Amino acid sequence: MSGVFQRLQESVSEVKESATHKASEVATTNEKILDMYPNIVNVHQDKTMTTDFGIKINDADHWLKIVGKSGHGPSLLEDQIGRERIHRFDHERIPERVVHARGVGAHGYFKLHESIEGLTSAGILTDTSRTTPVFARFSTVAGSRGSADTVRDVRGFAVKFYTDEGNWDIVGNNIPVFFIQEDFKFPDFIHAVKPEPHNEIPQAQSAHNNFWDFQYLHPEATHMFTWAMSDRAIPRSLRMMQGFGVNTFTLIDKDGKRTFVKFHFIPELGVHSLVWDEALKLAGQDPDFHRRDLYEAIEAGSYPKWKFGIQCIADGDEDKFEFDILDATKVWPEDLIPVREIGEFVLNRNIDEFFSETEQVAFCTSHVVPGIGFSDDPLLQGRNFSYQDTQITRLGPNWEQLPINRPVCPVMNFNRDGAMNHRIHKGTVNYWPNRFEALPPGNYEGGRGQDHGAYTEYAEKIVGMKQRLNGEKFKEHYSQAQLFYNSLAPYEKMHVEMALGFELDHCDDPIVYKRMSQRLADIDLGLAQRVARMVGGDPPTETTHPNHGKKAPHLSQTEFPGKHTIATRRVAMIIADGFDLAAFEAVRAVLQAQGATTHVIAPRRGMIFPAGVDPESGTGGVMSDHHLEGQRSTMFDAIYVNPGVQSVLTLRGNGRAVHWIREAFGHLKTIGALDDAVDFVQQACSLPGVTLALDMKSDRVVTSYGVVTGWNVNVKLMPSAKIEPSETLWANAFINEISKHRCWERELEGLSKKLAY
Ligand code: HEM
């Protein structure tokens with residue numbers, strides 16, 4: 001016995017030691033991480049490989065055979081070690097999630113800033129001294145596990161809070177509404193968006209007949225598809241998107257009072273998106289773009305942070321609105337019901353193993369803690385059944401015992417057995433009531449008396465007819481689609497139009513794109529006419545649902561610029577042999593001091609030599625991170641071209657270098673150039689409509705459509721650069737443009753369209 005105990009202690013302390021090796025890991029350890037320690041096996045140990053049943057393996061390269069003189073011979077079935085290896089490999093896969101199969105997760109914590117004890121008894125929402133561990137998983141909906149990150153799709157935003165009273169899951173999206181009002185239609189909706197059944201095409205795309213056929217036949221989807229065609233569906237980063245619980249939940253206070261609630265997550269870095277051409281290219285150039293971005297940011301200590309907010313409607317006020325507050329195809333407009341920010345959640349720790357954590361994590365909308373309840377939102381009611389059910393197919397009946405899923409508080413009940421049970425229950429009874437009063441429910445008055453911390457449902461009076469129906473207000477489908485569209489900035493509207501143009505162009509059945517062209521008139525007649533002309537539909541001339549012209553706050557992502565920062569932005573610095581070292585070092589220092597990540601790109605990977613350094617010496621250069629073909633401009637937020645006579649000459653003769661700049665211009669990114677690199681931008685790249693600093697005697701900085709150029713810049717002034725516009729300090733102007741994310745004027749004025757990229 002003592003030997004086993006000692007081994008356990010050793011393994012726990014080994015893991016702890018290795019896991020806490022890095023200072024950052026000590027800082028990010030929380031109750032949930034500690035809970036998982038006994039399950040963590042560190043492969044970097046001074047141990048010999050064993051079988052699953054524990055014996056040491058002698059030869060990990062060869063099957064046991066009868067070997068003749070030739071060195072060949074039949075393999076023997078008796079090789080238990082070989083058979084175990086192959087048999088374990090054969091069963092490595094589990095079914096992928098039926099939706100949201102592709103995802104990425106990380107650990108973190110939730111901190112409450114303001115108690116809402118007047119609304120709920122939930123400890124996590126009332127106790128500001130607590131730090132609650134969380135695990136978040138972000139996902140796309142339609143694609144399979146191996147699909148690309150940057151496809152046009154809704155992003156799942158699922159957060160598991162390991163609270164002292166049990167697990168609470170918010171299984172939300174980055175869009176606040178949904179396609180359908182009833183869970184009943186979910187299988188039809190998912191069948192329609194997934195690859196078509198006859199040929200399994202297309203992968204991870206809504207641009208096909210069946211998806212748009214479904215949209216037309218479900219007018220309730222109009223609001224949601226307008227969001228899905230907006231920039232929300234192509235986020236720049238998972239760290240730069242909002243999260244919404246979508247469904248209507250309830251808060252229950254200690255006296256049993258109920259309040260309707262919606263949950264919100266608002267990213268500190270603002271809400272930002274890719275542009276469509278970039279998203280398309282990235283899907284091939286870096287299918288893991290979002291996954292990598294999240295992982296790298298956390299590794300670098302740039303922990304993504306979201307504010308946590310609630311929208312509340314008092315019990316009794318639910319009928320006061322034009323829309324039904326239980327209809328998941330509607331937002332609660334923020335001019336009517338403001339968001340109250342009460343806490344924040346931070347992701348500060350990457351996973352150790354993808355399968356055990358991100359793949360095996362399982363969320364359920366039905367997982368709420370005392371003080372939080374459901375509503376009669378019909379979509380939520382169905383979800384509460386569906387998630388619990390689907391986890392059994394994917395992970396088996398004991399999925400809640402998996403390390404990533406188990407709560408950090410005690411789990412005590414008489415649920416028993418089933419495949420892969422890991423718990424060993426000690427005791428002579430496995431039922432309630434029992435003569436020992438073992439594991440009583442909260443309301444049991446014997447023994448030690450009632451436990452008032454147990455979950456109690458809100459006592460709701462229900463009178464009604466058993467029918468397949470929803471409320472009258474569920475029948476109105478267009479008003480909020482118009483509200484959303486009207487609230488967008490002009491360039492956002494343009495993107496919705498282009499997205500519809502792209503999607504309907506991919507539908508080759510005329511009934512689909514012609515009918516959809518008509519439906520768009522229920523959002524906006526002008527939009528419908530322009531899209532219809534693009535895709536071969538019949539431009540409508542009138543509509544039965546004229547646009548009401550109203551707007552609401554916080555629907556456009558332009559209202560979420562985030563912190564005024566360039567932190568974590570990726571900037572490519574392009575150089576070639578003969579570059580100006582002083583300028584390079586000064587610009588790199590500025591960018592790094594502001595928290596951006598710099599990436600040196602050159603015609604080759606390796607040492608690149610500045611002007612005045614003899615390449616033969618083999619030293620005194622700068623190591624480039626990538627060559628121009630190895631990475632593309634799509635992977636960066638901004639591009640800087642460094643001066644240097646020879647360097648610029650080389651870049652001018654390199655078509656890929658020219659393409660980098662032109663493509664970055666097309667994708668509306670900030671471009672910076674100094675001294676003779678300005679000539680390169682002018683002569684080789686021919687950027688339409690842009691004014692450049694061409695007077696080499698002047699030290700005036702020119703910022704034109706996000707292109708920031710200057711001569712004779714005093715690099716000594718750079719270290720004190722500030723994010724602000726400037727006509728004299730090039731570094732200030734450059735980082736100021738980067739902080740704006742993109743230069744939308746370039747697109748609005750049609751400049752980006754004039755360029756081939
Ligand atoms: C408000 C609308 C909805 C939202 C916001 C939503 C969100 C999500 C998210 C974020 C996930 C991925 C969870 C993870 O990261 O593991 C997911 C998975 C899933 N959802 Fe939904 N969903 C919605 C509607 C529905 C409906 C109506 C159903 C069925 C009636 C449904 C069934 C599922 C299933 C079966 C999974 C796979 C779960 C798993 O295997 O882990 N969802 N959903």
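## Around the ligand

Helix α11 gives the most to the shell around the ligand, eight residues in total (helices are DSSP runs of H or I with at least four residues, strands are runs of E with at least two, and both are numbered from the N terminus). A word on the model before going on: it is predicted, so local features need pLDDT of at least 70 and side-chain atom pairs count only at pLDDT 80 or more, while totals for chains, interfaces and linings use all residues. Residues are numbered from 1 along each chain as its sequence is written.

Back to the shell: it holds 28 residues, and Arg97, His100, Arg137, Gly156 and Asp183 come nearest to the ligand (a residue is near a molecule or strand if its C-beta atom, placed from the backbone, lies within 6 Å of it). Besides α11 (378-395), the elements that put two or more residues into the shell are β2 (131-140), β3 (155-163) and β4 (166-173). Sorted by class, the shell has twelve nonpolar, eleven polar and five charged residues. Here Ala, Val, Leu, Ile, Met, Phe, Trp, Tyr, Cys and Pro count as nonpolar, Asp, Glu, Lys and Arg as charged, and the others, Gly among them, as polar.

## Helix α11 and what follows

So what does α11 look like by itself? The helix has 18 residues and reaches 26 Å from its first C-alpha to its last, close to the 26 Å expected at 1.5 Å a residue (the expected span is 1.5 Å times one less than the number of residues). Pro378, Leu379, Leu380, Arg383, Gln391 and Leu395 are its buried residues (buried takes 20 or more other C-beta atoms within 10 Å of a residue's own, exposed 12 or fewer, partly exposed anything in between, with C-beta atoms placed from the backbone). After α11 comes Gly396, with a positive phi near 95°.

Gln181 sits in the loop between β4 and α5 and counts as buried, because it has 24 C-beta neighbours inside 10 Å. Asp327 is 146 residues away from Gln181 along the chain, yet their C-alpha atoms are separated by 6.1 Å.

## The chain as a whole

Zooming out, the chain comes to 21 helices and 19 strands. Its radius of gyration is 29 Å, close to the 27 Å that the globule rule gives for 757 residues, so it is as compact as a globular protein of that length (the radius is taken over C-alpha atoms, and the rule is 2.2 Å times the number of residues to the power 0.38). The C-alpha trace spans about 95 × 85 × 60 Å along its principal axes. Buried residues make up 42% of the chain. Of the contacts with a separation of 6 or more, 72% are between residues 24 or more positions apart.

An unreviewed UniProt entry annotates residues 50-440 as "domain: Catalase core" (positions are in the numbering used here, feature names are shortened, and annotations may be inferred rather than shown by experiment). That span is 20% helix and 19% strand, and its end C-alpha atoms lie 43 Å apart.

## Helix α13

Helix α13 (residues 490-505) has 16 residues, which should span 22 Å at 1.5 Å a residue; its end C-alpha atoms are 23 Å apart, which agrees. Its buried residues are Glu492, His495, Val496, Glu497, Ala499, Leu500, Glu503 and Leu504. Their cover includes α6 (209-217), α7 (222-228), α8 (276-285), α12 (479-487), α14 (510-519) and α15 (525-535).

Most residues other than glycine have a negative phi, and most peptide bonds are trans. Which bonds here are cis? The one from Ile201 to Pro202 has omega near 0°, and the one from Trp432 to Pro433 has omega near -5°. Pro202 is in the loop between α5 (186-193) and α6, while Pro433 lies in the loop between α11 and α12.

That α11-α12 loop also holds Asp417, a non-glycine with a positive phi of about 60°. Asp417 counts as exposed because it has 10 C-beta neighbours inside 10 Å. Asp675 also has a positive phi, about 50°, and lies in the loop between β17 (670-674) and α19 (676-683). Asp675 is buried, with 21 other C-beta atoms within 10 Å.

Definitions and conventions
Two residues are in contact if their C-beta atoms, placed from the backbone, lie within 7 Å.
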